[in-house]
Every structure is written in C-alpha cells, then in structure tokens.
Amino acid sequence: MKKLFLVIAAVFAMAATANAQNNALGVRVGGGQGYGAELSWQHGLGGNRLELDLGWASGDHHSAISLTGIYQWTGEIGSGFGWYAGFGAHLGMWTWESGYGSDSDFALALAGQAGVEYVFKAVPIQLSLDIRPRFYFIPDTDFHWGDIALGIRYCF
C-alpha cells in the first residue's frame, strides 16, 4: 500500500512539474513608451500563451500606470530559442505637472507584439527581446511603433 501511494505521488509530482513549466513571471524593461518597467506574467494555453504586463513609471513631473494583455502564438527555432507574435489590448493612465498646472489622461489601444526568446536548460530562466507597436483609439487616434524591450522571467 505504501509503495502504491509513493508511485501515485510521484506521478502527480511529475505531472505538476510538466504542467508548471507553462508559466513565467518576471519583468519587461525598456519598452514602456513612458510607462517604465513592467511586471510580466505569462500563462501557457496549449502551444500558445497569454501575457499580461503591468507597467509603471514615476518621475519628477509625471506618473503612469498601464495594463497590457497579449495573446501570443509561439514556435520553436531550436536549441532553446523560440519566437512569439500576437495581439491584444493596452490600457494606460498618466498624470503630469508643468509650470502651467497638472493634467491627466487615459489611453486605450490595440497592441501587437513580436519577439524572440531563449530558455536556459540548466535553470528555469527565460530571456526575451521584443517590440510592441500600438494603435491608440483614446485619447487620440495615433500609432506608435513601440520600443524594444528585454524580458527576464522565471519559468515555473
């Protein structure tokens, strides 16, 4: 009975470990378009995934916060390298102060994302490099190519 319990526990542990590698948590820096660093979470959906990024920035005369959700198609290049591309939505809000007073605004955009990534085999760390262009609907209709961003995430 004890051996059967150990075998069942081992099978569940292996299944949980295999399933757990579908998620990643970390940061995405350099690509906030004024939003600064982003806390980044990826959740595997079969062969594809959902990425949610919470961005924030604060300076002498401004502060900003954003939330971006991207559905990504993923593929393997080989030897730990992969690619991803997708689209989703971006919400943002910022305030700024100047010698003329202060103001705030809200943003709504359709966002795209494309990049490459590397997952280390020895440690569960993912490095990514991507670009995220946005087409804004609010406050004005506008297009931004986006910035290139570096992501560093722990895979679990």
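**Figure 1. The charged end of Arg49 lies over the ring of Tyr84, 4.9 Å from its centre.** A charge sits over a ring if NZ of Lys or CZ of Arg is within 6 Å of the ring centre and within 35 degrees of the ring normal. The model is predicted: local features need pLDDT of at least 70, side-chain atom pairs count only at pLDDT 80 or more, and totals for chains, interfaces and linings use all residues. Residues are numbered from 1 along each chain as its sequence is written, and side-chain values use heavy atoms, with hydrogens and water left out.

Figure 2. Gln42 counts as buried because its relative accessibility is 2% (buried means under 20% relative accessible area, exposed over 50%, partly exposed in between; 1.4 Å probe, protein chains only). Its side chain makes a polar contact of 3.1 Å with the side chain of Glu51; such a contact is a pair of N or O atoms within 3.5 Å, where within protein one must be able to donate a hydrogen and the other to accept it, and residues adjacent in sequence count only if both atoms are side-chain atoms.

**Figure 3. The aromatic pair of Tyr118 and Phe120.** The structure holds eight aromatic pairs (ring centres of Phe, Tyr and Trp, its six-membered ring, within 6.5 Å; planes under 30 degrees apart are stacked, over 60 edge-to-face, the rest tilted). Tyr118 and Phe120 are edge-to-face, 4.9 Å centre to centre with 85° between the planes. Tyr118 is partly exposed at 23%.
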